[in-house]
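Student: I have a structure to go through today. Could we begin with the aromatic rings?

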Amino acid sequence: MVVFNRRFSFLSLQVILMLNGIFYLNTVSAQVTIVDSETPTVKETKAANRQKLYKTLVNGINRNLSLPLADSTEENWMDAFYSIELLRYRSAWAESKLHEAFKKADTRSGYFQHALMECVYDAYPDIFEKEVRWLLDTTMDIKCFALCAEYLLRKKPDDRQVIKLTATRRNLYPANSILNALWYRLLYSNQARPPIDDLIQYPFYPKAKVVFSFQRKNRNYPGIAVIRDSMGNFAKDAYGNIFYVPQLARSMSNVPGYISNGNTPQGIFRMFGFDKSKSIFIGPTPNIQLTMPGETGINHFINDSTNTDTIWTMEWYRDILPKSWKAYMPFYETFFAGMAGRTEIIAHGSTVDPSYYKNTSYYPLTPTLGCLCTKEIWDEATGKRLQSDQLRLTDALKKAGGADGYYIVVELDDKQQPVDINEILPYLK
């Protein structure tokens, strides 16, 4: 499958960051270089090339933000926003340009507005409250509206202005999946999670293989992926222990998963095979292909060729779930994300320079534009792959019967620490 984030399909961007299969950068090759298929060598992971890329991106930030903001330069400014996200780049001058962008945001396109909000959501969670509150009230772009609302709700979950404006917008657009997802988050953010055991033990459909990715609500902390085979047994390693790999479900922007380029949504994905990416940031290690409701047909998602219905509804998604999970609204995030147009989320490795994230709680894992990402270490002298949790994951999944079933992302709690396998083992017994 050719993987492309459709959000950018209208742009001739200098850089489309991190994800998905097609990568544009004037001075960087778009495709990964593989010398040996058994032990891949990716020249872009060599130290000199990583330094060159960093310098190119920083120069691009400075060059693009130096241009006067106008219709003809929106794309340049958006390029800079995405580079700032990727590099976690900070400078007083760049921050001043973000202030300038907000001053003119009401005259800019919706694409520009939500690119700006993605840029500041994680990097500047406090200093733009006044500007975001103004944009919430003035924007006509629903995605930007949701980003503004989420920005403000992090600090004040019972923000009356946000709740009132969301209700008003939802009354105007009752079928809009982004507004419905935002509204349900307001209503059900504190809903008690059903028993994990009920989800773990549920058969879904006969002989379905299932990967469970256990995550924290705070996606700054890595989760853990385990594999259940077609007989309901959990995969084990060579020593007889439960097989697992750490897995990051955090996006660069860290926005909620129902919004494009946000964190990996919580809920059920249809898993349907392996592929290899040509992106220099994903790398050549096999990835696991996933789809959400709306991104694929009902028949494929529920694995029932006899079904004649072609219109996705919440009821179809609900029917997949165990009884105790049917009313748990946070678990419907994949449904709303798919209905809102999110596409092409996969489970993959990474050739991104982890040094960008050295001071984060998820280092050396690297964030994406919303995929599930595992750790890969590449030799900066030779470009050879040294370690790959992604290869371990795909090999174990092949041994368990292959990538045909469901990939389930479930949030355990809000502990401020990575998920540990010892937390999961009691459920697997």
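Tutor: Rings of Phe, Tyr and Trp (its six-membered ring) pair if their centres lie within 6.5 Å; planes under 30 degrees apart count as stacked, over 60 as edge-to-face and the rest as tilted. The model is predicted, so local features need pLDDT of at least 70 and side-chain atom pairs pLDDT 80 or more, while totals for chains, interfaces and linings use all residues. Residues are numbered from 1 along each chain as its sequence is written, and side-chain values use heavy atoms, leaving out hydrogens and water.

Student: How many aromatic pairs does the count come to?

Tutor: The count comes to 22 aromatic pairs. In one of them, Tyr202 and Phe204 are edge-to-face, because their ring centres are 5.1 Å apart and their planes stand at 90 degrees.

Student: What kind of pair do Tyr317 and Phe335 form?

Tutor: Tyr317 and Phe335 form a tilted pair, with 6.0 Å centre to centre and 45 degrees between the planes.

Student: Are Tyr317 and Phe335 buried or exposed?

Tutor: Tyr317 is buried, at 0% relative accessible area, and Phe335 counts as buried at 6%. Buried means under 20% relative accessible area, exposed over 50%, and partly exposed in between (1.4 Å probe, protein chains only).

Student: Which residues form one aromatic cluster?

Tutor: Tyr184, Tyr188, Tyr317, Tyr332, Phe335 and Phe336 form one cluster.

Student: New topic: where does Arg170 lie?

Tutor: Arg170 lies over the face of Tyr184, 5.9 Å from the ring centre. A charge sits over a ring if NZ of Lys or CZ of Arg is within 6 Å of the ring centre and within 35 degrees of the ring normal. Arg154 likewise lies over the face of Tyr151, at 5.0 Å.
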